[in-house]
Amino acid sequence: YVSPEIVNKLIQSPKALTLGGEKKDITIFFSDIRSFTSLSEKYPPEFIVSQLNDYLDAMTLCIFKWKGTLDKYVGDEIMAIWGAPLDQANHARLAVQCAWEQLLILRKLQDKWKEEGNPIFDIGIGINSGSVIVGNIGSSKHKDFTVIGDEVNYAARLEGITRNFSDDTHICRFIISESTYQHVSDICDVKSLGTVPVKGKEHAYPI
């Protein structure tokens, strides 16, 4: 679930995982495969699972390379966090750099799939930074180390909104929030997508 580097630090400081729950400023990452449902309907299950595992393996290794924590897979969706369980002052920069490298990795995978005659799929990524509740959350039988809060929901919404800015001539794959951009403005060239209302939020924010 976490990179070997973080495992070693947790062994040295196991209290980092015995949280009852605390507020932390972190960065949340969501990615999702475009039109995965229709892809699943066209090909045999074992074929789709094989290609999905190929993709998930490459993306997860990239998350670990950039010192992120894999929160969970939800089908073809990946959720990862930076800044928990261990503090990372540069959590937003690590997340954005990881996401950018994932897009480069995706391009190589697409070339490979094309050569193999496999279907080619695309992805969307949403990243947000903010204050969330971090902890071991669940029942007496099963717990997950995860994060909850409005900022998590917002990151997931940003990933979904990438579709709204894609058309036949341009694919929008990567949207970050204003709060994340404030941490990475010196390393990123961005295009403002305006102030966009996002489902579940009372106010509209620049993205």
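Helix 4 gives the most to the lining of the largest pocket, with 8 residues. This is a predicted model, in which local features need pLDDT of at least 70 and side-chain atom pairs count only at pLDDT 80 or more, while totals for chains, interfaces and linings use all residues. Residues are numbered from 1 along each chain as its sequence is written, and side-chain values use heavy atoms, with hydrogens and water left out.

Q: What makes a set of points a pocket, and what is the volume of the largest pocket?
A: On a 1 Å grid over the protein atoms alone, a pocket is an open set of points where a 1.4 Å probe fits, with protein on both sides within 12 Å along at least five of seven lines. The volume is the space filled by probe spheres set on the points, which are joined across faces, edges and corners. For the largest pocket that volume is about 880 Å³.

Q: How do you know which residues line the largest pocket?
A: A lining residue has an atom within 4 Å of a point, and 29 residues line this pocket. Trp100, Phe174, Asp189, Val190 and Lys191 lie nearest its centre. Helix 4 (91–116), strand 6 (174–176) and helix 6 (178–184) each give two or more residues to the lining; helices (H or I, at least four residues) and strands (E, at least two) are DSSP runs, numbered from the N terminus.

Q: How many of the lining residues of the largest pocket are nonpolar, polar and charged?
A: The lining divides into 18 nonpolar, 5 polar and 6 charged residues. Here Ala, Val, Leu, Ile, Met, Phe, Trp, Tyr, Cys and Pro count as nonpolar, Asp, Glu, Lys and Arg as charged, and the others, Gly among them, as polar.

Q: Why is Cys98 in no disulfide?
A: A disulfide is a pair of cysteine sulfur atoms within 2.5 Å. Cys188 is in no disulfide either, since its nearest cysteine sulfur, that of Cys98, is 13 Å away. The search of the whole structure finds 0 disulfides.

Q: Are Cys98 and Cys188 buried or exposed?
A: Buried means under 20% relative accessible area, exposed over 50%, and partly exposed in between (1.4 Å probe, protein chains only). Cys98 has a relative accessible area of 0%, so it is buried. Cys188, at 17%, also counts as buried.

Q: What makes a group of residues a nonpolar core, and which residues of the largest one touch the most other members?
A: A nonpolar core is a set of buried Ala, Val, Leu, Ile, Met, Phe, Trp, Tyr and Cys residues joined through side-chain atoms within 4.5 Å. In the largest core, of 35 residues, Phe29, Tyr55, Ile78, Trp82 and Ile127 touch the most other members. Among the elements that each supply at least two residues are strand 1 (22–33), helix 3 (45–65) and strand 4 (123–138). Helix 4 gives the most, with 11 residues. A second, separate core of 12 residues includes Ile26, Val132, Phe145 and Val147. In soluble globular proteins, nonpolar side chains tend to be buried together.

Q: How do you know what Ile63 touches?
A: Contact means heavy atoms within 4.5 Å. Leaving out residues up to four places away in sequence, Ile63 touches Gly68, Thr69, Leu70, Ile78, Ala80, Trp82, Cys98 and Gln102. Ile63 lies in helix 3 and counts as buried at 0% relative accessibility.

Q: Why is Ser131 called partly exposed?
A: Its relative accessibility is 33%, so Ser131 falls in the partly exposed class. Ser131 is in strand 4, and its C-alpha atom is 6.9 Å from that of Glu151, 20 residues apart along the chain.

Q: Why is Pro197 called exposed?
A: Pro197 has a relative accessible area of 63%, so it goes into the exposed class. Its place is in strand 7 (residues 195–197).
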